Amino acid sequence: MLFLQLTLLAVLLPGGYNEDKNVPPIFFRLLLISSFANQTWPQNQGSAWLDELQTPGWDGESGTIIFLRPWSKSNFSEEELRDLELLFQMYFTGFTREVQDHVHTMQFEYPLEIQVSAGCEVHSNETPQGFFHVAYGGTNFLSFQNSSWVPSPEGGSMAQNVCNLINQYQGIRDTVRWLIRHTCPRFILGLLAAGKMDLQRQVKPQAWISSSPTASLDRLLLVCHVNGFHPKPVWVVWMQGKQEPPGTKQGDFLPNADGTWYLWVSLDVAREDAVGLSCQVRHSSLGGQHIIIYWGHHVSMNLIPLAVIAPLILLIGLVLWFKKRW
């Protein structure tokens, strides 16, 4: 059954999958954050991500799953989803109580924050791999390996003491193992099938160049803007002939309201070296073609109508003036 599911994965993944082991796997992860300001003030947050796309979320006030997209429920039944919701309610309630009961014996100090990253990765030609990592204050603390909890080297004796405590609960270990090895891969495959149209959406990018002077008058800051593309992976680079000049800087990917992305790449360059520079963009939506914009050779599309209309207006004005004179 698992082999058939992985074969289906090869068809459903954006762009298709093949036997190339260099193709990255698909990750589904839960991010759970528990913050404790003091003994009586805990706060829990949760979200779920398919790679870098958020799917379900968690409403800490009502203790319910929030489905952010029409296909966020995967192919799970309402009963299965309700069982998962109850499981997370039990997790947050029980985890909060355990921390409050053992905060001093385990040498924790308020305020404290515990972060959990749990889920699985699925590749078309490999067995799904589950993971469960816990961090304390942003530092690796412990993880779930095979069927037990293992302390991280950074966690020291404190992490070892926590592992000794929670390894006593066989039921919790069995539940975690089942979730990351069986439930999670099935949920991924359901998401990919239900969200196929959205995940495989291809939107071509728009690109343009802007410039501004720097503190030094003999230099320019050139910025290549790329906007409105989907999916997220994109290749943007400044080129001088066939060479990539030094000094480029890439900004963060920023989401647009319609689910597309924006990215900028800047280059600080001497004015005399700006001649011949080009910004090149590659994206899956371009069908193997590239967008190439040369600095100083491009004309804003907004200026083209003005360049055509202005001479016409002048010509009409001259004709009317000559008619009036005669």
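View 1. Glu121 touches Pro25, Ile26, Phe27, Pro128, Gln129 and Phe131, leaving out residues up to four places away in sequence. Touching, or contact, means heavy atoms within 4.5 Å. This is a predicted model, in which local features need pLDDT of at least 70 and side-chain atom pairs count only at pLDDT 80 or more, while totals for chains, interfaces and linings use all residues. Residues are numbered from 1 along each chain as its sequence is written, and side-chain values use heavy atoms, with hydrogens and water left out. Glu121 belongs to strand β5. Helices (H or I, at least four residues) and strands (E, at least two) are DSSP runs, numbered from the N terminus. The relative accessible area of Glu121 is 26%, so this residue counts as partly exposed. Buried means under 20% relative accessible area, exposed over 50%, and partly exposed in between (1.4 Å probe, protein chains only). Phe28 lies 93 residues from Glu121 along the chain, yet their C-alpha atoms are separated by 6.3 Å.

**View 2. Phe132 in the largest nonpolar core.** A nonpolar core is a set of buried Ala, Val, Leu, Ile, Met, Phe, Trp, Tyr and Cys residues joined through side-chain atoms within 4.5 Å. The largest one has 43 residues, and Phe108 and Phe132 touch the most other members. At least two residues of this core come from each of β1 (26-38), β2 (41-50), α2 (78-102), β5 (112-122), β6 (129-136), β7 (139-145), α3 (156-166) and α4. The biggest share is from α4, with seven residues. Beyond its neighbours within four places in sequence, Phe132 is in contact with Val116, Ser117, Ala118, Leu142, Ser143, Phe144, Trp149 and Val176.

View 3. Helix α4 covers residues 170-194. The expected span of a helix is 1.5 Å times one less than its number of residues. The buried residues of α4 include Arg173, Val176, Ile180 and Thr183. Further along, Cys184, Pro185, Phe187, Ile188, Leu189, Gly190, Leu191 and Leu192 are buried as well.

**View 4. Strand β14 and its partners.** Strand β14 (residues 261-270) is mostly covered, with eight of its 10 residues buried. Two strands pair if DSSP finds at least two bridges between them. Strand β10 (residues 219-229) pairs with β14 in the antiparallel sense over 10 bridges. Here Asn227 has Tyr262 as its bridge partner in β14. Strand β12 (residues 248-250) is also antiparallel to β14, over three bridges. Gln250 has Val265 of β14 as its bridge partner. Strand β13 (residues 254-255) runs antiparallel to β14 and is joined by two bridges. Leu254 has Tyr262 of β14 as its bridge partner. β13 and β14 form a hairpin with five residues between them. In the turn, Gly259 has a positive phi of about 90°.

**View 5. The open sheet β11-β15-β16.** Three strands make up this open sheet, in the order β11-β15-β16, with antiparallel pairing. β11 (235-240) and β16 (290-294) stand at the edges, each with a single partner strand, so one side of each has no neighbour in the sheet. Neighbouring strands are turned by 20° against each other on average, direction ignored. The angles use axes that are lines fitted to C-alpha atoms, for helices over the stretch in contact, and run from 0 to 180 degrees between N-to-C directions. β15 (residues 277-282) is joined to β11 by six bridges. Across this pairing, Met239 stands opposite Ser278, and Gln240 stands opposite Leu277. Five bridges join β15 to β16. On that side, Ser278 has Tyr294 as its bridge partner in β16. β15 is mostly covered, with five of its six residues buried.
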